[in-house]
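Student: Please go through this entry with me. For each label you use, I want the cut-off and the value behind it.

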Amino acid sequence: MKNLELAETMFEEHVKELQTCATSCTAKTDWKLCIICQEDKAEALTCPLRSKRTNKGSGYSSLAEHLIQFNELDQVPSTLPLERLDEGQGIEAAMIVKKAQYHNKCKLKYNITKLPRAQKQTLGSHDQQTEY
């Protein structure tokens, strides 16, 4: 009986994922908004290309890398499909070409310091699934 309930739950979750993907995967990125939340908030947007540092745009490299790592752990919400940020040459390249901007609060959600916690959560959820 437990196996049947588990299978039904997993099926329902899969259907929800497909429905979410059907709507969010077709969405286009509005590069004038925060690339992460796609919302127009009062918080200022940051564009690494406007940095006064000598390595302008390096923020894109780290953000793209972190988003990919979090995505591999299924820790990126379905409202942020990474396919939306990749226009064929990779996420970082698209960010540079489009002069992507983001809210610092949004970027902090995918900070490298939060990665170990995300890895633990993923391992914990995988362990729970294998117990059934």
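Tutor: Of the contacts in the chain with a separation of 6 or more, 77% are between residues 24 or more positions apart. Contact here means heavy atoms within 4.5 Å. The model is predicted, so local features need pLDDT of at least 70 and side-chain atom pairs count only at pLDDT 80 or more, whereas totals for chains, interfaces and linings use all residues. Residues are numbered from 1 along each chain as its sequence is written, and side-chain values use heavy atoms, with hydrogens and water left out.

Student: How many helices and strands are there in the chain, and what pattern do they follow along the sequence?

Tutor: The chain has five helices and two strands, in the order α-β-α-α-β-α-α. Both are DSSP runs numbered from the N terminus: a helix is H or I with at least four residues, a strand is E with at least two.

Student: Which residues of H2 are called buried?

Tutor: Gly59, Tyr60, Leu63, Ala64, His66, Leu67 and Phe70. Buried means under 20% relative accessible area, exposed means over 50%, and partly exposed is in between (1.4 Å probe, protein chains only). An α-helix has 3.6 residues a turn, so residues three or four places apart point the same way. Over the 132 residues of the chain, 27% count as buried.

Student: Which residues have the most contacts inside the largest nonpolar core?

Tutor: Ile35, Ile36, Leu67, Leu80, Leu85 and Met95, in a core of 24 residues. A nonpolar core is a set of buried Ala, Val, Leu, Ile, Met, Phe, Trp, Tyr and Cys residues joined through side-chain atoms within 4.5 Å. H2, H3 and helix H5 (115-131) each give two or more residues to this core, and H2 gives the most, with five. Leaving aside neighbours within four places in sequence, Ile35 is in contact with Thr29, Leu63, Leu80, Arg84, Leu85, Met95, Ala100, Gln101 and Tyr102.

Student: Why is the pair of Phe70 and Tyr110 called edge-to-face?

Tutor: Rings of Phe, Tyr and Trp (its six-membered ring) pair if their centres lie within 6.5 Å; planes under 30 degrees apart count as stacked, over 60 as edge-to-face and the rest as tilted. The ring centres of Phe70 and Tyr110 are 5.5 Å apart and the planes are at 85°, so the pair is edge-to-face. A search of the whole structure finds one aromatic pair. Phe70 is in helix H2 and Tyr110 in the loop between helix H4 (104-108) and H5, 40 residues apart. Both Phe70 and Tyr110 are buried.

Student: What makes the meeting of Lys98 and Glu87 a salt bridge?

Tutor: A salt bridge is a side-chain nitrogen of Lys or Arg within 4 Å of a carboxyl oxygen of Asp or Glu. The side chains of Lys98 and Glu87 meet at 3.9 Å, N to O, and a search of the whole structure finds one such bridge. Lys98 is in helix H3 (residues 91-98) and Glu87 in the loop between helix H2 (58-72) and H3, eleven residues apart.

Student: Are Lys98 and Glu87 buried, exposed or in between?

Tutor: Lys98 is at 35% relative accessibility, so it counts as partly exposed. Glu87, with 48%, is partly exposed too.

Student: How do you know that Cys37 is in no disulfide?

Tutor: A disulfide is a pair of cysteine sulfur atoms within 2.5 Å. The nearest cysteine sulfur to that of Cys37 belongs to Cys34 and is 3.7 Å away. The count of disulfides comes to zero. As for Cys47, its relative accessible area is 8%, so that residue is buried.

Student: What is the phi of Asp74, and where is Asp74 found?

Tutor: Phi of Asp74 is near 55°, a positive value in a residue other than glycine. Asp74 lies in the loop between H2 and H3, just after H2. At 64% relative accessibility, Asp74 counts as exposed. Gln38 also has a positive phi, near 55°, and is in the loop between helix H1 (2-24) and strand E1 (45-46). Most residues other than glycine have a negative phi.

Student: Why does Lys120 count as exposed?

Tutor: Its relative accessibility is 66%, so Lys120 counts as exposed. Lys120 is in helix H5.
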